[in-house]
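Open the model in your viewer and keep the selection tool at hand. Each stop below says what to pick and what is there.

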Amino acid sequence: MRVLGVDPGLTRCGVGVVEGVAGRALTMLGVGVVRTPADADLGSRLVAIERGVEAWLDEYGPELVAVERVFSQHNVRTVMGTAQASAVAMLCAARRGIPVALHTPSEVKAAVTGSGRADKAQVGAMVTRLLRLDAPPKPADAADALALAICHIWRAPAVNRLQQAHAVAKASRPAGHTPVRKVPR
């Protein structure tokens, strides 16, 4: 599986491509950052992010795009910019029919380091080790994008099995049947 990880941001949007399957060695195919000037108007910045993501999609042809799920921060302006950059990445993938998966920061940290509370240095160190790199990718946004791709490759088989089990259970119910849950007394 080839996954493009996207760590969304208006000033620095981390991108990284990882190839592999769960349980096997993973390979980094590319890593970088799409940058936009902080003093440019919002529309121009979003177009620059779109062009950057499109270039990565053209060059690497991923089977899936994994994007960090935007979470509530105290700085509304920051979270808005992150959400806008995230939407651009999702739009680029959707336009091409490429599936998109969203992962929370704590899911990514837990998948890569074993702790959902790991700091950026720990994530960078584990990405370096897992992908057999000489040094952690810089800036941290680039390492985070690789961590997103790794997280998806490792989590996808389990998530797919859960979704399939749910679909089978739902299909085996009689039409119009609503499951009854017994409440313990």
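Select C92. This cysteine is buried, with a relative accessible area of 0%. Buried means under 20% relative accessible area, exposed over 50%, and partly exposed in between, with a 1.4 Å probe and protein chains only. How far is the sulfur of C92 from the closest cysteine sulfur? The distance to the sulfur in C13 is 9.5 Å, too far for a bond. A disulfide needs a pair of cysteine sulfur atoms within 2.5 Å. By this rule the count is 0 disulfides.

A word on the model before the next stop. It is a predicted model, where local features need pLDDT of at least 70 and side-chain atom pairs count only at pLDDT 80 or more, while totals for chains, interfaces and linings use all residues. Residues are numbered from 1 along each chain as its sequence is written, and side-chain values use heavy atoms, leaving out hydrogens and water.

UniProt, in an unreviewed entry, annotates D7 and D141 as "binding site". They span 135 residues in sequence, yet no two of their C-alpha atoms are more than 6.1 Å apart, so they gather at one spot. UniProt positions follow the numbering used here, feature names are shortened, and annotations may be inferred rather than shown by experiment.

Zoom in on D7. D7 sits in strand β1 (residues 2-7). Strands (E, at least two residues) and helices (H or I, at least four) are DSSP runs, numbered from the N terminus. D7 counts as buried, at 5% relative accessibility. Leaving aside neighbours within four places in sequence, D7 is in contact with R12, C13, G14, E68, D141, D144, A145 and L148. Contact means heavy atoms within 4.5 Å. Your first stop, C13, is on that list.

Move to D141. This residue lies in helix α5 (residues 140-172). D141 is buried at 12% relative accessibility. Not counting residues up to four places away in sequence, D141 touches D7, R12 and G14. Show the side chains of D141 and R12: a polar contact of 2.7 Å joins them. A polar contact is a pair of N or O atoms within 3.5 Å; within protein, one must be able to donate a hydrogen and the other to accept it, and residues adjacent in sequence count only if both atoms are side-chain atoms.

Now pick E68. The unreviewed UniProt entry lists E68 under "binding site". E68 lies in strand β4 (residues 64-68). Is E68 buried or exposed? At 15% relative accessibility, E68 counts as buried. Its contacts beyond four places in sequence include D7, H103 and L148.

Follow H103 into strand β5 (residues 100-103). The covered face of β5 holds A101 and H103, and the uncovered one V100 and L102. In a regular strand the side chains alternate between the two faces of the sheet. β4 and β5 pair in the parallel sense over 4 bridges. Strands pair if DSSP finds at least two bridges between them. Select A66 to see one link: its bridge partner in β5 is A101.

Last stop: W56 and Y60. They form a stacked aromatic pair, 5.2 Å centre to centre, with 25 degrees between the planes. Rings of Phe, Tyr and Trp (its six-membered ring) pair if their centres lie within 6.5 Å; planes under 30 degrees apart count as stacked, over 60 as edge-to-face, and the rest as tilted. W56 and Y60 are 4 residues apart in helix α1 (residues 42-60), so about one helical turn separates them.
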